[in-house]
Amino acid sequence: MSESDAPSGKPQSYTRKTLGESDEKPKTPEIYKCCDNPQITYLAPVNINIDERTIGSVDVWRCASCMKAFCEEKTLGIDSISDIVGMPRIEDDEKWVVIISKLQKGKDKWKLGKLKQNGMIKFETADEKIIDLKINDYKIVDDFHSSFLVLDHIHTAVEI
Ligand SMILES: [Zn+2]
């Protein structure tokens, strides 16, 4: 047993996020070195709707220097999920997508992800099973799952 065994209670976190506590725009997280001169600013949300009701959103930031986009998933009513310090990373050959499961309902029906143009992706389902999904041109091709590109839907609400 080490002294780092934390007692139950507050989860340990490195972030100082206050998202959801006010109506202000989300604060720009610590700068991620996407290029030599990062200038990352909040761009817009993409809302996720079910039956015309917004159940969550994806916040999109963009670097004005290299134009790389960064996304963060938010489920309404739940504190910011990611405990990642700084910006979530994305590789040059990946695009941000929302992956939709036709087998789930409500907040479990969607998830932010990153896809390469082609190949397979390991996808964790809402019941924590890892399955392989096929990608064709940055899109999930599967009987029970689909996807859309986040950056194609900036400032809009997408019905899933
Ligand atoms: Zn940049």
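Read along the sequence, this protein runs β-β-β-β-β-β-β-β-β-β. It has ten strands and zero helices. Both element types are DSSP runs, numbered from the N terminus: helices are H or I over at least four residues, strands are E over at least two.

The model is predicted: local features need pLDDT of at least 70, side-chain atom pairs count only at pLDDT 80 or more, and totals for chains, interfaces and linings use all residues. Residues are numbered from 1 along each chain as its sequence is written, and side-chain values use heavy atoms, with hydrogens and water left out.

Start with confidence. pLDDT is the predictor's confidence in each residue, from 0 to 100. Its mean over the protein is 81. Residues at 70 or more make up 72% of the protein. Residues 1-22 have a pLDDT below 50. Beyond near neighbours in sequence, this stretch has 17 contacts in the model, where contact means heavy atoms within 4.5 Å. Residues 81-85 also stay under 50. The model gives them eleven contacts beyond four places in sequence.

Next, the overall packing. The protein has 160 residues, and 38% of them count as buried. Buried means under 20% relative accessible area, exposed means over 50%, and partly exposed lies in between, with a 1.4 Å probe and protein chains only. Take the contacts between residues at least 6 apart in sequence: 47% of these join residues at least 24 apart.

Now the largest pocket. It holds about 410 Å³ of space. The lining has 22 residues, and D108, K111, E124, T125 and A126 are the closest to the pocket's centre. Four strands each supply at least two lining residues: β3 (69-75), β4 (94-101), β5 (110-116) and β6 (118-124). By class, the lining has nine charged, eight nonpolar and five polar residues. Here Ala, Val, Leu, Ile, Met, Phe, Trp, Tyr, Cys and Pro count as nonpolar, Asp, Glu, Lys and Arg as charged, and the others, Gly among them, as polar.

The pocket search uses a 1 Å grid over the protein atoms alone. A cavity is a set of points where a 1.4 Å probe fits but cannot get out, while a pocket is an open set with protein on both sides within 12 Å along at least five of seven lines. Lining residues have an atom within 4 Å of a point. Grid points are joined across faces, edges and corners, and the volume is the space filled by probe spheres set on the points.

Go to the loop between β3 and β4, where D93 sits. D93 is partly exposed, because its relative accessible area is 40%. K116 is 23 residues away along the chain, yet the two C-alpha atoms are separated by 5.9 Å. The side chains of D93 and K116 are joined by a polar contact of 3.4 Å. Such a contact is a pair of N or O atoms within 3.5 Å; within protein, one must be able to donate a hydrogen and the other to accept it, and residues adjacent in sequence count only if both atoms are side-chain atoms. Leaving aside neighbours within four places in sequence, D93 is in contact with L115, K116, Q117 and Y138.

H145 belongs to strand β9 (residues 145-149). At a relative accessible area of 4%, H145 is buried. Its side chain makes a polar contact of 2.9 Å with the side chain of D142. Beyond four places in sequence, H145 is in contact with I100, S101, F123, I131, L133 and I140.

Two residues stand out by backbone angle. Most residues other than glycine have a negative phi. D51 is not a glycine, but has a positive phi of about 50 degrees. D51 lies in the loop between β1 (40-50) and β2 (53-63). It is exposed, because its relative accessibility is 67%. E128, also not a glycine, has a positive phi of about 65 degrees. E128 lies in the loop between β6 and β7 (130-136). Its relative accessible area is 62%, so E128 counts as exposed.

I130 lies in strand β7. I130 is exposed, with a relative accessible area of 56%. Not counting residues up to four places away, I130 touches K122, F123 and E124.

End at L151, in the loop between β9 and β10 (157-159). L151 is partly exposed at 43% relative accessibility. Leaving aside neighbours within four places in sequence, L151 is in contact with V60 and A69. The C-alpha atoms of L151 and F70 are separated by 9.9 Å, and the two residues are 81 apart along the chain.
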